[in-house]
Amino acid sequence: MAGIGFELRKILREDRLLSLGKVYGYSAILSSGPWVISIIAIILIGFINLSNFGEVKDAFRFQVVITYAIALASSLIITGILQLPFTRYVADLIFKHKENEILPSYFGAIFLAWGLGLIFIVPLYIWAFKGMAPSFIVGTILTFLILCGVWISSILAASLKFYSQVVWAYLLSYTFIVVVSYSYGNSIETLVYIFFIGNAILFSVLMALIIKSYPSTIFMKINFFLDKNFYWTLAIAGLSYNLGAWIDKFIFWYHPATGHAIIGKLNASVVYDMPIFLAYLSILPGMAIFFFRLEADFAEKYDLYYDSVRSGGTLGLIKKYRNDMTSIVRHAIHEILMVQGIVDIILFLTADKLFAALNISTLYLGLFYILTIGAMLQLAFMSILAILYYLDRKRAAMWLAIAFFILNGLLTLLSINMGTAFFGYGYTLSLLIVFALGLLVIREEMNRLNYETFMLQ
């Protein structure tokens, strides 16, 4: 991602207020990608369906189906396992000047995601949507496949020099989804196919940018997955983090006190779903800061540090760059918490008006407050994991991700059983614990960086 950081710094050097807005605007969209933008699209489509056709049931059904397609089938199970190892493998290829192998490996990653995913998803969807029309089940499977392709493509596309095209691809494809849903989304089946077509357009654009950037004479390779040195710690870390990010939602969906059936075997939680959606949307400013500080400031000092190590730099210079990295990490986390804290305070002061505008009961305000704090902590925790991945501390990141998954599951169950006043506290408390642990790990790793760089090779 260092190329994106270079481009963002170049924009910032123009020294204009508009430049600052452009930098953080690009950072926000590139960092949130399918996560936040798809949430916005799903919510808008739900409201459009309600305003046009008054079909409350179809609006909820669509949100549940797409949420399952994104969370369970795509990000959480399949691409959650492949994304981090594939990213590291591509980085290794670039370091070894083997860019001609990136495109075949990219197609191989998509092939693996689709092949492994179909084995899992076809029987699951046939069981989950028993009694639904075959065309609807086919639509959900196609949506799953295209989302897998989008997630994997985003890894490469977001790091290309065509970052403005990537931004426009996301905006235009999801605008297409919302606009067409407004005109033709008169049933859940139609909404699913519209969502599939919009993401297919996005996938095609991202793939075209990747093919343009990484030419190759070989069509497909799956070496990164078959290699004996496959990064299993990264695979487990990616899977555990995604499980941790969604386990509280699954518990609220299927707990007798909070969940109810929506479509087939799929449940939802009226109490939890909308507050957590809004809480995730609130962290967009923090995501922009995190992306810029990591991919511009930290990446620059990271490169300087390891270049000086490889080129025989003086001990004083190596220490200086290590101290610079430490300072940037400290400053970035502080800035994320400060800016996001200000955003959260503004939201707390205006939440009652926001809920009234969205026609959401104010009974959920307390839950929204605690989930908003939890989302801020999740962003800070993501920052720590990203820094650990940069420093190649794969095992430490893996154990933190596993701890997040276990703690979120156990504490969410405990909070539900303690009563409605404690809803959301399990999610937030689990993130507070792993964030505190992550800070201790980061501090120790930065203190030992020189020793481990030279002595453990």
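**Helix packing**

Author: In this predicted model, α4 and α5 are roughly antiparallel to each other.

Reader: At what angle do α4 and α5 pack?

Author: Helix α4 covers residues 102-128 and helix α5 covers residues 134-157. Angles over 145 degrees count as roughly antiparallel. Their axes are 10 Å apart, and the packing angle is about 150°.

Reader: Is the crossing of α4 and α5 left-handed or right-handed, and how many charged residues does the contact have?

Author: The crossing of α4 and α5 is right-handed. From α4 the contact includes Trp114 and Tyr125, and from α5 it includes Phe144 and Cys148. By class, the contact has 17 nonpolar and four polar residues, and the number of charged residues is none.

Reader: Which residue with a positive phi follows α12?

Author: Helix α12 ends at residue 357. The residue that follows has a phi near 60° and is Asn359.

Reader: Are α12 and α13 roughly parallel or roughly antiparallel?

Author: The axes of α12 and α13 come within 10 Å and cross at roughly 160°. The crossing is right-handed. Angles over 145 degrees count as roughly antiparallel, and α12 and α13 are therefore roughly antiparallel.

Reader: How many charged residues are in the contact of α12 with α13?

Author: Asp344 and Asp352 are among the α12 residues that meet α13, where the partners include Phe368 and Met376. Asp counts as charged. By class, the contact has 17 nonpolar and four polar residues, and the charged ones number two.

Reader: What is the handedness of the crossing of α13 and α14?

Author: Helix α13 spans residues 365-390 and helix α14 spans residues 394-418. Their axes come within 9 Å and cross at roughly 155°, and the two helices are therefore roughly antiparallel. The crossing is left-handed.

Reader: How many nonpolar residues make the contact of α13 with α14?

Author: From α13 the contact is made by Phe381, Ile384, Leu385, Leu388 and Tyr389. From α14 it is made by Ala396, Ala397, Leu400, Ala401 and Phe404. By class there are no polar and no charged residues, and the nonpolar residues number ten.

Terms used: Residues are numbered from 1 along each chain as its sequence is written. This is a predicted model: local features need pLDDT of at least 70, side-chain atom pairs count only at pLDDT 80 or more; totals for chains, interfaces and linings use all residues. Side-chain values use heavy atoms; hydrogens and water are left out. Helices (H or I, at least four residues) and strands (E, at least two) are DSSP runs, numbered from the N terminus. The expected span of a helix is 1.5 Å times one less than its number of residues. Axes are lines fitted to C-alpha atoms, for helices over the stretch in contact, and angles run from 0 to 180 degrees between N-to-C directions. Angles under 35 degrees count as roughly parallel, over 145 as roughly antiparallel, 65 to 115 as roughly perpendicular and the rest as oblique. A crossing is left-handed if the near helix is turned anticlockwise from the far one by less than a right angle, and right-handed if clockwise. Contact means heavy atoms within 4.5 Å.
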